[in-house]
Amino acid sequence: MPPSDVPSVGTGVVLLEARKLTKHFGGLRALDSVDLTVESGQIHGLIGPNGAGKTTFFNLVTGMLVPTSGEILLEGESIVGRKPYQVTRAGIARTFQNIRLFKAMTALENVMVGVDAGNRAGVLEAVLRTRRSRREESDAGRAAMRLLGAMGIAALANQVAGNLSYGDQRRVEIARALGTQPKLLLLDEPTAGMNPAEKAGMTGLIRQVRESGVTILLIEHDMKFVMGLCEVITVLDFGQRIAAGPPQEVQRDPKVIEAYLGHGAVDEPGQ
Amino acid sequence: MNVTGPAASVGAWIRQHRGRAIVVVVAALLVLVLMPLRLSSYQQSVLVDMLQYALLALGLNVVVGFAGLLDLGYVAFYAIGNYAFAIVTAGTFSKALYFGNGTHLPPLPMWHDWMWLLLLVGLVAAMVAGVVLGAPTLRLRGDYLAIVTLGFGEIVRIAARNFDSITVGPRGITSIPHPELHLFGLHYSFGLDPRPYYYLLLVLCALMIGVVMRLNRSRIGRAWVAIREDELAAAAMGVPTVRMKLWAFAIGASTAGVAGVVNASRVNFVSPDGFTLLTSIFILSMVVLGGMGNVWGAIVGAAVIVVVPEVIRSAVPSFQQYRFLVFGAVLVAVMIFRPQGLIPSRRRAMELETADAPL
């Protein structure tokens, strides 16, 4: 099936394309020949029961795992085999399912680590405090401050990240990822553990990130959240793509209903 | 802008009380510069030892404290610095070129005019060794890296023991000349007096403190802390983790190389017995005791571990026998009551706090 069969709400420009992406862990087929296309400007949802391969997909795209076979193209260029930091610099940033902030650093420093991805002053320049290193340093501070402001947590900039509330940590993590100036932002369960009010806030935040020109691919379990936010949804089950399309269509898809209701009572191992 | 935490409060204090800050700095400098003049030769040499270990601890602090890489073979780089200076100046190098035909060639006069350049030779030799060891091994994590570096430390010592033609084996290299300075018409021979070494090491420590503090406040320092806290997340944020770890390793190694050059020129004798695992552990204890990731902690750690035993020894002569017993007990006590070290870094203390939470 060519990936172009997915109706688009984006700009029509393909940003990320996975072709027959496959990952085996020993005998386990975590991902099996998955096609997925994210168009520039979309908010794209990746859903599926536990163990469907969603996080594996993220790990493959960000270079943390190497695919068994298949292709990953960012703006038409293969990024398979690149190291995670190279993928990030190429324009894909991510957050983690279980928040992975640098806990002992302040919120601001966390975001600055992300911003640093675009900086070039090396060890020698840092020691000599060259003009470039000083400029980059103050620019990084300002950029990080601006991102924290956009996330609505500028007041927490100098708080140690580990002491922040759960919801605020999620915001810092998104700000940190945005600091790398990504074209594509991967969000792994951005509303996990949030109450309805916080989830509503996150919906607004993600829309706002998209308005700023960043394309979004997100994993989420909360169906109401996904259906209300995403323009295109891809459904995985047992490592295979079982459906893709706009929310209304996917919701009615018998295979999707079966995957969710049929397996709902069964205890499945996590990834 | 945007320096945070204690650094910010110190910075703010300095801005508010510029006059007082200058007085404090000048007073501290005066004390440091004048101190040796009031002390006996023995006390002076203890101070020199302390500064030399402080320099070593500053270097190891970058590796262990900032980047979080447990290096148990740090002494190897110190050994390389020592041998670099010894081999080049004491003529064993030229002897080796003649395949040990017995004639001890006089040291090349060139080295005497340019001896201070040998600091660079030691620095580069140790740095190269650091990169050569680090490049393949820094992909390892935690315990594995510790074991590999432990092995490297032993390899360097055993190689020095057996590479007779260059290192003169277990007998060690003797008759290493003291440094001489010939700069812009200024001539100065270092000799046996500890004081010139004291000032040299003071300058080197000050330089290293400056380097480390600037790195710590730059994107390099942030990258190191990020790697230490969560390597995977750091990589996901665009930090080239292997390259940054390699830098930490190279900076630590080159510092040890410089300290080695100073040591060889001061004691005029280098033998493999000076570079055992125990020395690595000593330097590591200084970093841990003082407070990992804190520049001043490394210096306080060195001061405590070098000076305190000497003070007790002169008060209680029989102490020498129990030195390691007491040393071990003190370390255990510190780790129980103050695991973050005497002068903890804010981040390290924070990490210990959050480590209590389930992962």
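Author: In chain A, 11 residues of domain 1 are in contact with 7 residues of domain 2, two residues being in contact if their C-beta atoms, placed from the backbone, lie within 7 Å. The model is predicted, so local features need pLDDT of at least 70 and side-chain atom pairs count only at pLDDT 80 or more, while totals for chains, interfaces and linings use all residues. Residues are numbered from 1 along each chain as its sequence is written, and chains are lettered from A and ligands numbered from 1 in the order in which they are written.

On the side of domain 1 of chain A that touches domain 2 of chain A, the elements giving two or more residues are H2 and helix H7 (196-211) of chain A. H7(A) gives the most, with 3 residues. Helices (H or I, at least four residues) and strands (E, at least two) are DSSP runs, numbered from the N terminus. By class, this side of domain 1 has 7 nonpolar, 2 polar and 2 charged residues. Here Ala, Val, Leu, Ile, Met, Phe, Trp, Tyr, Cys and Pro count as nonpolar, Asp, Glu, Lys and Arg as charged, and the others, Gly among them, as polar.

Domain 1 of chain A covers 1-91 + 182-266, and domain 2 covers 102-179; such bounds come from an automatic or database domain assignment. The C-alpha centres of the two domains lie 27 Å apart.

Chain A also has an open sheet of 4 strands, in the order E2-E1-E4-E5, with antiparallel pairing. Strand E2 (28-39) and strand E5 (77-78) of chain A each have a single partner strand, so one side of each is left without a neighbour in the sheet. Strands pair if DSSP finds at least two bridges between them. Strand E4 (residues 69-74) of chain A and E5(A) pair over 2 bridges, and Leu73(A) stands opposite Ser78(A) in E5(A).

Chain A touches chain B as well, through 36 residues from chain A and 29 residues from chain B. Helix H2 (84-90), helix H3 (107-115), helix H4 (123-128) and helix H5 (131-150) of chain A each supply at least two residues of the chain A side. H3(A) gives the most to that side, with 5 residues. That side of chain A divides into 16 nonpolar, 11 polar and 9 charged residues.
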